[in-house]
Amino acid sequence: MHSEYSIGATPEQAPGELHSSPMNVSAVSASCPIVFSSFQFVLIPVLFCAIFILGLVGNSVAIMVLCGHKSPRTVANVCIVNLAVADLLALATVPFWAAYYAYGYNWLFGPVICKLASSILCLSMFASIFFIMRMSVSRCQAIVHPFRAQRGTLRQALSSALLVWGLAALPSLPTFYFRDTLYIEELSVTACVMAFPLERYSSWSAGMALMKNLLGFLVPLVVITVCYGWIWVHLRRARRFQRGKRTRDRVPKLVAAVVVAFVICWLPFHILTFMDALSWVGVIRSCPVTSAIDVALPFGLSMGFVSSCINPFLYYFIGRQFRDRLQHLLKLRLYQFSSSREVFCPREELGSTPEAPVKL
C-alpha cells in the first residue's frame with residue numbers, strides 16, 4: 001500500500017519510505033487495507049540488535065588487523081579496509097532503525113537524525129558494492145595485466161578510494177535532500193519519510209527504487225561478472241598459471257566470496273525494491289501483493305545488513321594472511337597484558353610467596 005508518504009519501508013530503501021499507508025496516490029486501489037504484522041515489530045528489532053553487535057565487533061577487528069603496522073599496503077587491503085568502514089557506517093544506523101520498528105514506525109530522534117541516518121545508510125550501501133566492484137577490477141588487472149597492475153602505487157589506491165566514496169555520495173544526495181519527519185494522523189506516529197513533491201510522489205518513488213536497483217546492484221554485478229569471466233578465460237588459456245595456482249588465488253577467492261555473499265544477501269531486497277517500483281507505476285495492482293511487499297521489505301533489509309556481518313568472517317576463514325595477522329595480534333595483546341601485570345603488580349600480589357629465612 002502506498003500513499004503520499006508511504007509507511008512501512010526499510011531504512012535503506014527509505015526506512016521511512018513507509019509503504020503501508022492510509023491514502024493512495026499510486027495506481028493501487030485506495031481500498032487496500034493497511035497491513036502491519038505485529039510479529040515484525042518484535043522480530044525485526046531483535047534481528048537488528050544481533051546484527052549490530054556481531055557486525056560492530058567483526059568489522060572493528062578487521063580494521064585493527066588490516067591497519068596494523070605490519071600489514072601490507074596493497075590495493076586489495078585498501079579496498080577491504082574501506083569496505084569494513086562502509087559496513088561500520090551502515091551498522092551505526094541500525095540501533096535507530098531497530099527502535100523505529102520497535103515503536104511501530106514512530107521516529108523518536110528528530111528530523112536531523114532522520115536525515116543523517118538515512119543518508120549514511122544509503123551512502124554505505126552504494127560504497128560497499130562500489131568497493132567490491134573496485135576489488136574485482138583490481139584482481140582482473142593483476143591477473144590479466146600483471147605488469148601494468150604492478151605500476152599502481154598506494155597513493156593511487158587511496159585516490160581511487162576517495163573517488164569511490166565520492167561516486168557513492170552522488171546517488172545518496174536525493175535521500176539527504178528529501179528525507180524528513182512527518183506526523184501521520186491516521187496512525188498517530190511521527191514517521192521518517194521521503195518527502196517527495198506530492199504531485200509526482202509515485203514517479204519519484206519509482207525512480208528512486210529503480211536507481212537503487214541499477215546503481216546499487218545490476219550495473220556493479222555486470223562489471224563484476226565481466227571481470228571474473230575475463231579472469232577465468234585468461235587462466236584457462238595461460239596453462240603456466242595453473243602451477244602454484246592454489247597459493248596465488250587466495251585473494252581472488254576472498255574477493256569472489258565477498259561478491260557472492262553480497263549478491264545472496266542483497267538480492268531479496270533488490271527484488272522487493274523492484275516490485276515496489278512496479279506497484280508505484282501501477283504495474284502491480286493487487287492488494288495482497290503490495291501488502292506482502294510491505295511486510296517482506298524489512299526482512300529483505302535485514303538480509304542486506306547480514307552482508308556487513310559476514311565479511312569479517314570471510315576474511316578470517318578464506319584469507320590466510322588475515323588469519324595469521326589476527327592470531328599474531330591476539331598473542332601480542334596477551335603478551336602486553338601479562339607484561340603490564342608484572343610491571344604494576346608486586347610478585348606477592350601475583351600469588352608468589354617470599355622465601356622463608358634459612359635456619360642454620
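Me: Which residues does the UniProt annotation "transmembrane region" cover?

Reply: According to the unreviewed entry, the annotation covers residues 43-67, 79-103, 109-133, 154-173, 214-233, 254-275 and 295-318. UniProt positions are given here in the numbering of this model, feature names are shortened, and an annotation may be inferred rather than shown by experiment. Do keep in mind that this is a predicted model, in which local features need pLDDT of at least 70 and side-chain atom pairs count only at pLDDT 80 or more, while totals for chains, interfaces and linings use all residues. Residues are numbered from 1 along each chain as its sequence is written, and side-chain values use heavy atoms, with hydrogens and water left out.

Me: How much of residues 43-67 and of residues 214-233 is helix?

Reply: Residues 43-67 are 96% helix and 0% strand, with 36 Å between the end C-alpha atoms. Residues 214-233 are 100% helix and 0% strand, and their end C-alpha atoms lie 27 Å apart. Helices are DSSP runs of H or I with at least four residues, strands are runs of E with at least two, and both are numbered from the N terminus. By that count the protein has 12 helices and 2 strands.

Me: What makes H1 roughly antiparallel to H2?

Reply: The axes of H1 (residues 40-66) and H2 (residues 75-92) cross at roughly 155 degrees and come within 9 Å. Such axes are lines fitted to C-alpha atoms over the stretch in contact, with angles from 0 to 180 degrees between N-to-C directions. Angles under 35 degrees count as roughly parallel, over 145 as roughly antiparallel, 65 to 115 as roughly perpendicular, and the rest as oblique. The crossing angle therefore makes H1 roughly antiparallel to H2.

Me: Why does Ser 172 count as buried?

Reply: Buried means under 20% relative accessible area, exposed means over 50%, and partly exposed lies in between (1.4 Å probe, protein chains only). Ser 172 has 5%, so Ser 172 is buried. Ser 172 sits in the loop between H6 (154-169) and H7 (173-178). Leaving aside neighbours within four places in sequence, Ser 172 is in contact with Ser 119, Cys 122, Leu 123 and Phe 126. The C-alpha atoms of Ser 172 and Phe 126 are 8.2 Å apart, although 46 residues separate the two along the chain.

Me: What makes Leu 170 exposed?

Reply: Leu 170 also has its place in the loop between H6 and H7. Its relative accessibility is 53%, and therefore Leu 170 counts as exposed. Leu 170 and Leu 123 are 47 residues apart in sequence, with 8.5 Å from C-alpha to C-alpha.

How values were computed. Contact means heavy atoms within 4.5 Å.
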